Each structure stands twice: as C-alpha cells, then as structure tokens.
Amino acid sequence: MSILVIAEHNNIEIKSSTLNTINAASKLGSEIEVLVLGSNIDNISKEISSYQHVSKVIFIDSEKFENAIAENIEPVILSLAEKYSHILAPATTFGKNVMPRVAVKLDVAQISDIVNIESEDTFIRPIYAGNALATVKTKDTKKVITVRPTSFDVVAKEGGSGIVEQINLDIAESGVEFIDREESKSDRPELSTARIVVSGGRGLQSAENFKLISDIADKLNAAIGASRAAVDAGYVSNDYQVGQTGKVVVPDLYIAVGISGAIQHLAGMKESKIIVAINKDEEAPIFNIADYGLTADLFEALPALSTELDKLNSIEK
Amino acid sequence: MKILVTVKRVIDYNVQVRVKADGSGVEKENVKMSMNPPDENAVEEALRIKEAGKADEIIILSIGEEKCQETIRTALAMGADRGILIKASDDVEPLAVSKIVSKVVETEQPGLILMGKQAIDDDSNQTAQMTSALLGWPQATFASKIEIEGNIGTVTREIDEGLERIKVNIPFIASCDLRLNEPRYASLPNIMKAKKKPIDIKSAEELGVDVSRRVEHIKISEPPTRQKGVMVADVAELVQKLKYEAKVI
C-alpha cells in the first residue's frame, strides 16, 4: 500500500518539515504520495513532485485551505485515507493541529512525534520531555503518525516522478474564522533548521539586552533562540522558544547564554552536536550537558565573544 | 454556561524522571505527582471566565486511577465547583480519553471545554483535537489568549511561525498553552472548602467506552546521555576550541 504525506507550506514555499517527513515516509515504503492543500499552490505542488521518493502529488487549490484550518483539512485526508497504509505529517503546530482529528475519525491511535522507525508498525518516540524513549508498536492497521522533523534529513530535490494531480472536494463550513497571523519576520536562518543557534535565557534580564544575543547571532549567521523563562518575561516572542513546548532544534552548534538548563529547555536542544554554555552560576545544570562551558558574567562574556569573532573574521578575510 | 475542564495526574514537572532498569516504564513509586501544568492554566482560565460573569459552573473531569481525585481536589481548591472521575487504568490513550470526554459532554452539555495542550508524561498533544472532531465542535488549540463575547470566542494561538487569531462559535474546545495565564494558588480556606465539594465517580465501562490500548509500549529506554565536556577559562579559549577542535565556526 502507499503512504500519504501531508505537506506543510505557506502557499508560497514548502516548509522543510515536509521534506523531513517525506524522508521518514521513504523508510516505510516506496509509493509515497504527497497531499498539498492551499491557495494558489500550482507551483509548490509541481516543486514537491520533483523531490526524491515522491511518486505523486495530489493537490486542491482553494481559498478554504489558505490558512490551514484543521477542520477543513481533515475531511480531505479522510476522503483519501482508504488507499494508504500510513498517513504522515510533520509534528509541527500544523501537523499537531490536524492529525489527531484524522486519527479519531478513522478510530485509530495517533503515534505522535516519532524520531525513528523500527518497522512498518513499530516506532520510537520521546516521552517525558525526552527523558525517556518509548518503542511503541501499534495494533491499528492504518497508521496516523506525526514525525519530528529534526530527526530525519530533508530529501534531495531530484528523483521525484513529477506527477501532479489536481482534485476537488466540497467541504462543509467549519465554524472557524481565521482573523490574522502575526509572523516574526527575520533575515536570519529559521530556528528549527539553522546550523548554529544562539539562545538567551532569564540571565539576559531584559528585551533590550537581547541585542547582545543578536549581535553574536549576526556574526555567526545563526538563528536566535530563547528559554521559556525569557519568553515569559517578554524579552522575545513565543516563536523563539526552544524546549518541550517550543521548538526542538538539532544544530551543529548551540550556544546557551544565561540559561540554567531546566529539563523543559534541555528537551528542545540536547541533541545538538556541540553545546556551549555561558552562565555565571557554575552549578547551573546546563553545564552537565555542555561540551564547552564558560563560567562568566554574560554582560562581559558576550562583548568579548563579539570581539573575538571579529578577529576571527578579519583573519579569514 | 458550564465549562468542562479536563485535568491529568502526572509526575510533577520538577521531578527528574528515571527509567526502570527492566525497560518496562518509568519509576512512579514514591514520586511526587501533580496536575499536568497546562491543565492548571485551563482551570485558571475557566475560573477567570466565571469570575467575569460569563460562566456559571466549572466541572473538573479526570480519567484514571482512584488517586486522580487528589488532582480534581486541587482544581476544586482553586475554585472549581464539582468534579467527575472516570475510573480507568493510568495509561488510557488520547483516543479513548476523547471518547470518554465526549460521553461526559452528552450528559453535562457544557458550552466550553478547556484542556491542557499536552500532557508532560506522554507528550502526545492529541486529546483536544480528537474531542473536537468527535463532537463536531470547533477547536482552538495552543491558546495563549481566550476572549468570550456573547456567543463568540476569539482565541490567540501559539503557532511555530508566531501568533494566529481565530474566531469560533460557542460551543468550542480550546487547548491551553502555558502562557495563557498565571495559575493561582489555592488558599487554605479554599482547600478546606474543596473537601466538601462533590466528586461523581463512574467507570469507563459504565460509559461504554473501550479503553484497551491500541499502542503497546514494547520498551522504555534511557536516551543516550551526553558526556560532560570541558570548562574553558575565557572567551578566547572558547573561540579557539570551537574553531580548531569542534570545527563548528
């Protein structure tokens, strides 16, 4: 049987989470079809069909799908569900919002946030904020799954079938009215896929002081992250949050500044390749998982780091 | 309007969870248990809506073992009116939970259901969405602001890209984010009062819901641990290490 992947996009660009999810699907079978629901999405539908492992793209172009309302997406997936053994979506707020609706309507348990695939019915997923890994086997014949994007590489933009099929389906009014969306615009790399992440915590003490973090991020071409404490204190907005209820990041380099290392934060970054911790409290738990620790006042360390990075950059130029 | 709030009894968020050596689960003996943190936000939000004169009664629902009564009492001490415990094992899956909630909704007829967006034990993030689909009520997930005006709820949702606002008609179901509000502490007089508030106890079987698991936990294991690294003396040494040892900058 085939596998269906639900694409995440913003009607203009494919989100990389879709490409991670296609890769996860390729470990379950070779017939992979991708469902794209959106408004003015001819181009991205064609683009997705060119990616590795994709046998076919099915799309509906309608204003009803412009804002990814879960109630509108669910009936489309259900109408197609019969021919697929597995239905996958990324475990982002997009996929989390839609997929449980699909699962319950099919009367199957959803397997959330898988990080590894053992076989067609057995998966590994983190529980307790990543403090334990559960190997789970489902008895349901149809599998509804969300995939942790950072646990699977993106697929290459080659080798796809190029086959695109437009379909139509009338869906009922959902009772949900979209008002608006406030997206943080940034020229920096996206937090969930950046190679380097510089994160600030409560130690920064103010929104103003986050400038020190952005200065370092600029010099490293890094994304900016934050602990929940920093977001709750209003230093940065919620989309910067790394942790159990924020984003999970797996960069090559994660620099945690003024972050003590609560379990909930570690859940979002402890798989990073290299972790640097800068904290004035030498007892801070973040040092237990850091590859390089520096006990220092961040208000002295960050300007010094900025100067050192300038030196390095000037040598390279 | 009645508000139904679901609460789950979980290992306290401050406890360092330990995986059992035999891989059968995590250590729950002699471990502090508490209300799932975002469920506290759900209770608090219900109280605020009632205090604003927009609801008359707050019903707390928990599903699980006898001891979940403690969690219900915590919510009653915060100010909720009465409780319902549906007795079942402590590992009922979101699929069965959503069916139980739907059954309770049939009898209680609330105008609003508030849930935590995710339980911090199994991190599934499914129950509100499933319940919404079963009931055919609109869902407002990951809510960081809920405003009720007449028959309409305006909800700000925390999404990966930032914030989104949607409008939904009552009855609807919201899953609450930790940033929705700051949950209150129960005062001593309210803790005393809560002891007298009623908790109705039923079993999942009485509701006719099959709670047998669809997903089997084959093994629970420790995640790979990181070795503690080295401490550097100053920023210059740090940059040298990152450049020439780790080669990441």
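## The model and its numbering

Residues count from 1 along each chain as its sequence is written, while chains are lettered from A and ligands numbered from 1 in the order in which they are written. This is a predicted model, where local features need pLDDT of at least 70 and side-chain atom pairs count only at pLDDT 80 or more, while totals for chains, interfaces and linings use all residues.

For the complex, the predictor gives an ipTM of 0.96 and a pTM of 0.94.

## Chain A on its own

Chain A has eight helices and 16 strands; helices (H or I, at least four residues) and strands (E, at least two) are DSSP runs numbered from the N terminus. With a radius of gyration of 21 Å, close to the 20 Å that the globule rule gives for 317 residues, chain A is as compact as a globular protein of that length. That radius is taken over C-alpha atoms, and the rule is 2.2 Å times the number of residues to the power 0.38. The C-alpha trace of chain A spans about 60 × 40 × 40 Å along its principal axes.

Seven residues of domain 1 are in contact (C-beta atoms, placed from the backbone, within 7 Å) with 10 residues of domain 2. The domain 1 side of that contact has two nonpolar, four polar and one charged residues. Here Ala, Val, Leu, Ile, Met, Phe, Trp, Tyr, Cys and Pro count as nonpolar, Asp, Glu, Lys and Arg as charged, and the others, Gly among them, as polar.

## Where the chains meet

Between the chains, 64 residues of chain B are in contact with 72 residues of chain A. Elements giving two or more residues to the chain B side include helix H3 (94-108), strand E7 (139-149) and helix H6 (235-245) of chain B. E9(B) gives the most, with eight residues. By class, this side has 31 nonpolar, 14 polar and 19 charged residues.

E9(B) also pairs with strand E11 (residues 176-183) of chain A: seven bridges join them, and they run antiparallel. (Strands pair if DSSP finds at least two bridges between them.) Within that pairing, Glu183(A) has Gly162(B) as its bridge partner.

## Sheets that cross over

One open sheet has four strands in the order E6(A)-E7(A)-E8(A)-E12(B), paired antiparallel. Its edge strands are E6 (116-119) of chain A and E12 of chain B, each pairing on one side only. Three bridges join E6(A) to E7(A) (residues 122-127), with Ile117(A) standing opposite Phe123(A).

The other open sheet has six strands, ordered E13(A)-E12(A)-E14(A)-E15(A)-E16(A)-E13(B), with parallel pairing. E13 (223-226) of chain A and E13 of chain B stand at the edges with a single partner strand each, so one side of each is left without a neighbour in the sheet. E16(A) (residues 292-295) and E13(B) pair over two bridges. H6(B) lies across E14 (253-257), E15 (274-279) and E16 of chain A, running at about 170 degrees to E16(A). Axes are lines fitted to C-alpha atoms, for helices over the stretch in contact, and angles run from 0 to 180 degrees between N-to-C directions.

Notes. Contact = placed C-beta atoms within 7 Å.
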